[in-house]
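Q: Can we go through the aromatic contacts in this one, and then a bit of the strand pairing?
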Amino acid sequence: MKKIAKFYKVSTENFIKAIREEFPCYTQEDVKEMYENLSLPLRATKGSAGYDFFSPFSFTLAPKETIKIPTGIRVKMEEGWVLQLFPRSGLGFKYRLQMDNTVGIIDSDYFYSKNEGHIFIKLTNDSMEDKSLEVVQGTGFAQGIFLEYGITVDDDANGVRDGGLGSTTHVNSALPHK
């Protein structure tokens with residue numbers, strides 16, 4: 001196995017800000033306690049490919065409901081690798097739990113973003129059987145798998161990331177504009 005990454009917590013301030021923006025019902029003291037109890041992602045067994053991400057708080061997700069979870073986690077990895085995020089397979093099987101962006105992609109340079117590379121996971125309970133999903137604080141709800149990737153021989157990308165979703169989008173001037 002190649003050892004190419006390490007998980008960290010984001011700063012306490014970053015976590016408090018993110019949780020309070022998404023879930024204003026939690027007090028600053030509640031969020032500090034959540035932060036203290038955060039667990040870094042882990043593999044369950046020697047043969048597991050996925051690192052389980054644990055919920056920082058308990059939540060219930062009714063059918064067709066969506067939730068955006070600030071995990072409190074960031075990851076530093078070697079260049080040439082990506083962390084792909086998926087729902088835990090059992091939750092997908094039982095509840096049709098879906099990632100809203102289908103597969104989460106965490107690039108190696110995201111760690112250095114203004115938001116400290118804070119990993120957010122947005123999920124929808126797409127149940128067709130009217131099943132509500134209940135996740136208890138500290139329970140694994142998503143998994144991340146590290147994959148190596150290649151680039152084209154004529155690649156000359158030299159941009160610098162400064163954020164998360166959409167921060168690296170650019171217009172290809174070779175394409176016709178409408």
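This is a predicted model: local features need pLDDT of at least 70, side-chain atom pairs count only at pLDDT 80 or more; totals for chains, interfaces and linings use all residues.

Q: How many aromatic pairs does the structure hold?
A: There are 12 aromatic pairs.

Q: Why is the pair of Phe7 and Phe146 tilted?
A: The planes of Phe7 and Phe146 are at 50°, so the pair counts as tilted, with the ring centres 5.8 Å apart.

Q: Where in the chain do those two sit?
A: Phe7 is in strand 1 (residues 5-9) and Phe146 is in strand 11 (residues 140-148). The pair links distant parts of the chain, 139 residues apart.

Q: Buried or exposed, Phe7 and Phe146?
A: Both Phe7 and Phe146 are buried.

Q: And Phe111 with Tyr112, what kind of pair is that?
A: Phe111 and Tyr112 are edge-to-face, at 85° between the planes and 5.2 Å centre to centre. Phe111 is buried, at 9% relative accessible area, whereas Tyr112 is exposed, at 57%.

Q: Which rings link into a cluster?
A: Phe23, Tyr26, Phe57, Phe59 and Phe141 are linked by ring pairs.

Q: Which residue lies over the face of Phe120?
A: Lys68 does, at 5.2 Å from the ring centre. Over the ring of Tyr95 sits the charged end of Lys131, 6.0 Å from the centre.

Q: Switching to strands. What does strand 6 pair with, and in which sense?
A: Strand 6 (residues 81-87) pairs with strand 8 in the antiparallel sense, over 4 bridges. Leu83 has Ile106 of strand 8 as its bridge partner.

Q: Which face of strand 8 is Ile106 on, covered or uncovered?
A: Ile106 is on the covered face with Gly104, while Ile105 and Asp107 make up the uncovered one.

Methods
Residues are numbered from 1 along each chain as its sequence is written. Side-chain values use heavy atoms; hydrogens and water are left out. Buried means under 20% relative accessible area, exposed over 50%, partly exposed in between (1.4 Å probe, protein chains only). Two strands pair if DSSP finds at least two bridges between them. Rings of Phe, Tyr and Trp (its six-membered ring) pair if their centres lie within 6.5 Å; planes under 30 degrees apart count as stacked, over 60 as edge-to-face and the rest as tilted. A charge sits over a ring if NZ of Lys or CZ of Arg is within 6 Å of the ring centre and within 35 degrees of the ring normal.
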